[in-house]
Amino acid sequence: MEAPPVTMMPVTGGTINMMEYLLQGSVLDHSLESLIHRLRGLCDNMEPETFLDHEMVFLLKGQQASPFVLRARRSMDRGGAPWHLRYLGQPEMGDKNRHALVRNCVDIATSENLTDFLMEMGFRMDHEFVAKGHLFRKGIMKIMVYKIFRILVPGNTDSTEALSLSYLVELSVVAPAGQDMVSDDMRNFAEQLKPLVHLEKIDPKRLM
Amino acid sequence: MQREEKQLEASLDALLSQVADLKNSLGSFIYKLENEYDRLTWPSVLDSFALLSGQLNTLNKVLKHEKTPLFRNQVIIPLVLSPDRDEDLMRQTEGRVPVFSHEVVPDHLRTKPDPEVEEQEKQLTTDAARIGADVAQKQIQSLNKMCSNLLEKISKEERESESGGLRPNKQTFNPADTNALVAAVAFGKGLSNWRPSGSSGPGQPGQPGAGTILAGASGLQQVQMAGAPSQQQPMLSGVQMAQAGQTGKMPSGIKTNIKSASMHPYQR
């Protein structure tokens with residue numbers, strides 16, 4: 001059964017459906033410095049923030065064809081920070097006027113026994129990676145520039161290898177459902193990064 | 001007559017303002033050269049020169065304007081010469097000419113160039129006449145050719161340096177890398193734990209009929225041990241415990257138990 005698009009569903013149950021608006025691109029390693037300088041100029045004035053995160057993706061295969069995916073992320077360089085559990089729905093396609101990828105998003109902060117809990121629930125870890133990079137903010141927009149590292153020995157985050165010679169650049173906004181003007185602001189911001197990085201909405205299903 | 005007078009006045013005003021601008025910029029340039037000569041940079045000097053040349057250009061344009069009457073046809077005759085101070089004149093000339101006397105008038109109302117300048121001009125005209133028309137033409141042509149060559153060289157250099165700067169900038173991102181990274185983040189393509197969807201096949205034998213719950217469990221166990229990394233172990237014990245718990249609790253509803261066991265959610 002096709003679920004109706006989340007943006008049309010009313011607010012029920014006391015929680016507002018949050019949507020993640022996403023634009024992605026990449027930049028080669030040698031152009032990273034110029035991109036960082038440009039972002040420092042364009043974004044809100046704050047200390048440059050770097051992060052080192054370990055993300056694990058858990059799947060629950062049920063009777064339905066498509067498994068249920070949850071993403072658990074923990075910070076490797078900030079001790080004591082809570083784990084972050086995230087659910088991302090299917091991207092809503094079809095609206096050509098919308099300039100960003102839109103998908104339902106639920107974010108939860110959890111304690112450290114998240115993986116045990118998920119395993120007990122029946123989830124199985126599908127893949128994991130380490131993300132290392134920089135974080136910028138502009139208003140409600142969040143810009144992440146990070147490199148993805150493949151973990152060679154499962155569970156051992158020290159033995160990592162970079163996946164490619166590029167950094168992934170993501171421009172994302174988490175906003176309540178129905179605010180499509182957000183995607184216009186995102187597109188305007190993306191224009192300012194234009195010759196260095198092309199941020200665009202990339203449909204992951206096309207890359208399967 | 002009146003129209004001409006009005007035109008004359010208007011053009012005189014325009015000329016006055018232009019000349020005043022020129023004087024100001026000259027003055028500031030001289031000040032700059034005299035007082036800031038140790039800090040002066042070539043671009044700044046170039047700027048001043050450009051300003052002066054621009055102003056001279058506009059002055060020329062004003063003079064060539066069709067509405068300007070020929071000043072050549074106007075004659076200025078001093079009517080009264082007096083050695084007394086003239087306040088009006090002082091005001092109008094910003095204090096430079098206090099007296100309209102016979103010392104001042106020849107300098108200010110002069111129409112002929114200086115004698116030295118006149119000499120030089122005469123010299124130049126005799127030289128030019130001496131060379132002869134063809135030689136003069138050839139000289140003009142060679143000058144034009146050299147100028148155009150120089151201009152071409154400069155513009156070519158400019159164009160090349162621009163495009164040379166553009167080329168490395170174009171490769172700041174690689175679309176193939178973008179796709180690979182997005183696929184990795186979206187569903188783990190290229191990361192070591194990614195398994196293709198064909199591995200759901202081995203899960204099929206785990207569907208037992210009635211009374212073969214344990215057999216089914218062991219079958220499942222075999223399947224899991226075959227292909228799984230070490231993380232699956234804690235989950236495995238959980239599967240076994242859950243199934244044992246189910247069979248222990250409700251012996252009467254064996255069928256329903258078997259059903260739930262056969263279609264258990266841990267199946268691959």
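Me: Why does A:Arg150 count as partly exposed?

Reply: In this predicted model, A:Arg150 has a relative accessible area of 23%.

Me: What makes the contact between A:Glu161 and A:Arg150 a salt bridge?

Reply: The side chains of A:Glu161 and A:Arg150 meet at 2.7 Å, N to O. The cut-off for a side-chain nitrogen of Arg and a carboxyl oxygen of Glu is within 4 Å, so the pair qualifies. The pair links distant parts of the chain, with A:Glu161 in strand β8 (residues 160–162) of chain A and A:Arg150 in strand β7 (residues 141–151) of chain A, eleven residues apart. A:Glu161 has 33% relative accessibility and therefore counts as partly exposed.

Me: How do you know that A:Arg73 and A:Asp53 form a salt bridge?

Reply: The N to O distance between the side chains of A:Arg73 and A:Asp53 is 3.2 Å.

Me: Why are A:Arg73 and A:Asp53 called buried?

Reply: The relative accessible area of A:Arg73 is 16%, and the relative accessibility of A:Asp53 is 14%.

Me: Which residues are linked in a network of salt bridges?

Reply: A:Glu20, A:Arg86, A:Arg103 and A:Asp107 are linked in such a network. Over all chains, the count comes to twelve salt bridges.

Me: What makes B:Asp127 and B:Arg130 a salt bridge, and where do they lie?

Reply: The closest N and O atoms of B:Asp127 and B:Arg130 are 2.3 Å apart. This falls within 4 Å, so the pair is a salt bridge. Both residues lie in helix α5 (residues 115–131) of chain B, three residues apart, about one turn of the helix. An α-helix has 3.6 residues a turn, so residues three or four places apart point the same way.

Me: Why is B:Arg130 called exposed and B:Asp127 partly exposed?

Reply: B:Arg130 has 63% relative accessibility, and exposed means over 50%, so B:Arg130 is exposed. B:Asp127 has a relative accessible area of 28%, which lies between the 20% and 50% limits, so B:Asp127 is partly exposed.

Me: How do you know that helix α2 of chain B has close to its expected span?

Reply: Helix α2 (residues 42–64) of chain B has 23 residues and reaches 33 Å from its first C-alpha to its last. That is close to the 33 Å expected at 1.5 Å a residue. Within α2(B), the buried residues are B:Ser44, B:Val45, B:Ser48, B:Leu52, B:Gln55, B:Leu59 and B:Val62. These buried residues pack against α1 (2–35) of chain B.

Me: How many helices and strands does chain B have?

Reply: Chain B has ten helices and zero strands. Of its 268 residues, 21% count as buried.

Me: Why do A:Cys43 and A:Cys105 count as buried, and how many disulfides does the structure hold?

Reply: A:Cys43 has 8% relative accessibility and A:Cys105 has a relative accessible area of 3%. Both values are under 20%, so both cysteines are buried. The structure holds zero disulfides over all chains.

Conventions: Residues are numbered from 1 along each chain as its sequence is written. Chains are lettered from A and ligands numbered from 1 in the order in which they are written. This is a predicted model: local features need pLDDT of at least 70, side-chain atom pairs count only at pLDDT 80 or more; totals for chains, interfaces and linings use all residues. Side-chain values use heavy atoms; hydrogens and water are left out. Helices (H or I, at least four residues) and strands (E, at least two) are DSSP runs, numbered from the N terminus. Buried means under 20% relative accessible area, exposed over 50%, partly exposed in between (1.4 Å probe, protein chains only). The expected span of a helix is 1.5 Å times one less than its number of residues. Contact means heavy atoms within 4.5 Å. A disulfide is a pair of cysteine sulfur atoms within 2.5 Å.
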